[in-house]
Amino acid sequence: MRMNGNKRTTVLREVPSAEAVGMALAHDLTQIIPGQFKGRLFKRGYVITEADIPKLLDIGKEHIYVMELGEDELHEDEAAERMALALAGDGVACSGTHEGKVTLRSSLDEPGIADIPEELVHQINSLGEIALATVRTHAVVGAGQPLAATRAIPLVVKREKVEAVEALARQWREQHGAAGPIRMRPLRKLRAGLLTTGGEVFSGRITDKFGPAVKAKLEMLGSEVAEQRFAPDDRQVIVNEIHYLLGQGYDMILITGGMSVDPDDRTPGAIQAAGAEIVSYGTPMLPGSMLLMGYLQGVPILGLPGCVMHDPYTSFDVLLLRILAGDTITKRDIVSMGYGGLHGC
Ligand SMILES: Nc1nc2c(c(=O)[nH]1)N[C@H]1C(S)=C(S)[C@@H](COP(=O)(O)OP(=O)(O)OC[C@H]3O[C@@H](n4cnc5c(N)ncnc54)[C@H](O)[C@@H]3O)O[C@H]1N2
Ligand code: MOO
């Protein structure tokens, strides 16, 4: 045992694997066979037998570590566990430790939205020697799926690094009055009124493809299109239909088509004339740049451009999740969608 002043420091002894029978492993050992397997072959604390020696040599371990942990340091497993526990908030459960890593998974029964304070993640990762990897905030995460993972980089890490993470998490909890900074929020089940505009659809010249696309998106997230109406490219008819849908008490009003620059594109003007407060006409994301976001007597109202019918991921997907999570969309939310918002043209 080594002493530093009065403190015991970690001792790592390298032992040739061939001489390690009867010794306990200091950490999980990983095997990777490309295309077949990646995972833990031996668990920390496992006592090596004669039969294990060829397996150790097969994964390139000619030596193993025998460890006596110092007072000021934490084993990678404890470090990952303590960080995960400090960070896990509502709707999140921590997995067991594997190869020095703890995964934070959604404990919701259905898909939800991740809430991850970006600045806090940067602060934690600035500490060094530890890693916190997360999905982006507001990403949709399925039941039981991962949204973050913690790990120490060296096998033993200074206790103070982990304590710094715990202090940052505690500070966040005090400021926000919530259980922990990495959270899942459930999605509300909303009933939407849908208005499909376009003379070519209204007259029956072409078949409606927008309705099915919007219905599928909502249903995938547990919501529904409660009623679909159709209108030609006539501003007053569109206004009347918007008022009809508002009167039906739907939670959200969606209007498709007529969102671009042609003379027949009447939808943005009609949404405004219907009395909506416009948060933004135009969204700095592609596809979905011509989307309009507004509120009509507190009800979210969205003008959906043609790309929503065609592209799998647009600005509508981003905003729909936020609305289902119960957020009120602000101009700032819209502005922030441009950076990292190019997903196709
Ligand atoms: N010169 C410019 N052209 C375009 C611009 C622009 O800024 N300048 N914006 C582009 C963007 S971005 C989009 S998105 C599209 C779509 O705009 P709209 O929302 O106005 O779409 P429409 O003109 O109404 O229709 C486009 C296309 O989609 C067909 N459509 C529409 N609704 C239905 C439906 N319910 N079922 C089946 N098909 C539908 C329609 O017949 C047209 O073919 O504009 C870009 N162009
Ligand atoms: O509203 Mo359109 O995307 O950007 O194709």
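Domain bounds used in these legends come from an automatic or database domain assignment. The model is predicted: local features need pLDDT of at least 70, side-chain atom pairs count only at pLDDT 80 or more, and totals for chains, interfaces and linings use all residues. Residues are numbered from 1 along each chain as its sequence is written, while chains are lettered from A and ligands numbered from 1 in the order in which they are written.

**View 1. Domains 2 and 3 of the chain.** The assignment divides the chain into domain 1 (2-68), domain 2 (73-185) and domain 3 (191-335). Between the C-alpha centres of domain 2 and domain 3 the distance is 37 Å. Six residues of domain 2 are in contact with five residues of domain 3, where contact means that the C-beta atoms, placed from the backbone, lie within 7 Å. On the domain 2 side, the touching residues comprise three nonpolar, one polar and two charged. Here Ala, Val, Leu, Ile, Met, Phe, Trp, Tyr, Cys and Pro count as nonpolar, Asp, Glu, Lys and Arg as charged, and the others, Gly among them, as polar.

View 2. Helices (H or I, at least four residues) and strands (E, at least two) are DSSP runs numbered from the N terminus, and two strands pair if DSSP finds at least two bridges between them. This open sheet has the strand order β8-β9-β13-β11 with antiparallel pairing. Because β8 (92-98) and β11 (130-134) each have a single partner strand, one side of each is left without a neighbour in the sheet. From one strand to the next the twist averages 15°; axes are lines fitted to C-alpha atoms, for helices over the stretch in contact, and angles run from 0 to 180 degrees between N-to-C directions. Strands β11 and β13 (residues 146-152) run antiparallel and are joined by five bridges, and Ile 130 has Ala 152 of β13 as its bridge partner. Helix α2 (residues 76-87) lies across β8, β9 (101-106), β11 and β13, at about 140° to β13. Glu 129 sits in the loop between α3 (118-126) and β11; its phi is near 65°, a positive value in a residue other than glycine.

View 3. Strands β16 (residues 191-197) and β18 (residues 252-256) are parallel partners over five bridges, with Leu 194 bridged to Leu 254 in β18. UniProt lists residues 193-325 as "domain: MoaB/Mog" in an unreviewed entry; positions are given in the numbering used here, feature names are shortened, and annotations may be inferred rather than shown by experiment.

**View 4. Surroundings of ligand 1.** The shell holds 22 residues, the closest being Phe 210, Met 259, Ser 260, Pro 305 and Gly 306. A residue is near a molecule if its C-beta atom, placed from the backbone, lies within 6 Å of it. By class, the shell has nine nonpolar, eight polar and five charged residues.

**View 5. Surroundings of ligand 2.** Leu 286, Pro 287, Gly 288, Ser 289, Met 290, Leu 291, Pro 305 and Cys 307 surround this ligand. Six of the shell residues are nonpolar, two are polar and none is charged. Pro 287 is in the loop between β19 and β20 (292-296), and the peptide bond to Pro 287 from Leu 286 is cis, with omega near 0°.

Key. Two residues are in contact if their C-beta atoms, placed from the backbone, lie within 7 Å.
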